[in-house]
Amino acid sequence: SSLTNTPKTIYVHAGMSKTGTTSIQKMLTKNQQILSQKGILYPNAARKNGIGHHSLAAFIKRGKDSDEALKLQAEIEECEHSTVIVSTELLERMSRQKWQSLKTFFAPHHVKIIYYLRRQDDAIVSMYNELVKKHAVNQDFSTYVETSPRVDLLDYRATLSVIEDVVGFQNMSIGIFSKSSLKYGNIGNDFIARIHPECAEL
């Protein structure tokens with residue numbers, strides 16, 4: 001059982017992919033101890049020894065990795081910290097119902113969503129290039145743009161309004177992934193400043 005009955009604040013960093021998510025997760029993993037000293041938990045559970053909480057996304061979206069999801073709930077309940085950060089870009093492209101499931105999963109704690117956007121033209125080029133590198137695409141760029149279901153993700157109004165319906169606008173922190181928009185010009189510092197302004201020098 002929780003050492004305190006006070007609801008915690010859980011910051012869920014949910015993407016989008018290609019906006020420095022791996023850099024953020026590496027920074028959080030590397031600085032776990034420092035964050036802990038400042039009262040912030042970056043849980044070990046649901047990471048399967050990796051850097052992001054991808055088992056949480058597998059559970060919310062498909063009911064998989066339930067053992068890891070339960071461990072995550074337990075780790076949050078048992079820690080004395082009042083602030084928790086969970087990070088997985090695999091939560092992007094979820095239905096309203098799945099966002100509701102995520103909110104319920106963390107109840108009674110207070111869920112805030114951190115989500116970075118990237119200029120759509122820039123984002124789609126980056127998505128395509130990654131698939132080319134992985135030899136995972138066999139169509140030219142213009143065909144990819146016309147046929148990929150991931151392009152739906154770039155309708156930011158639709159993507160964000162689904163999240164807003166569930167958690168409320170006041171519980172959303174939206175960043176723009178471009179050097180001029182990031183605090184200190186750095187994604188890691190910008191991210192931490194959204195949670196704990198005094199920690200921005202991590």
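The radius of gyration is taken over C-alpha atoms, and the globule rule is 2.2 Å times the number of residues to the power 0.38. I am working from a predicted model, and I began with its overall dimensions. With 202 residues, a compact globule would come near 17 Å by that rule, and the chain has 17 Å, which agrees. I noted that the C-alpha trace spans about 55 × 40 × 35 Å along its principal axes, and that buried residues make up 48% of the chain.

Next I looked up the secondary structure and found nine helices and five strands, which run β-α-α-β-α-α-β-α-β-α-α-α-β-α from the N terminus on. Among contacts between residues at least 6 apart in sequence, 72% join residues at least 24 apart.

For Trp 99 I set aside the neighbours within four places in sequence, and its contacts are then Ala 14, Leu 91, Met 94, Ile 113, Val 162, Ile 163 and Val 166.

Last, I checked H6, whose buried residues are Ala 123, Ile 124, Ser 126, Met 127 and Tyr 128; what covers them includes helix H7 (141-147) and H8. After H6 comes His 135, with a positive phi near 55°.

Methods:
Residues are numbered from 1 along each chain as its sequence is written. This is a predicted model: local features need pLDDT of at least 70, side-chain atom pairs count only at pLDDT 80 or more; totals for chains, interfaces and linings use all residues. Side-chain values use heavy atoms; hydrogens and water are left out. Contact means heavy atoms within 4.5 Å. Buried means under 20% relative accessible area, exposed over 50%, partly exposed in between (1.4 Å probe, protein chains only). Helices (H or I, at least four residues) and strands (E, at least two) are DSSP runs, numbered from the N terminus.
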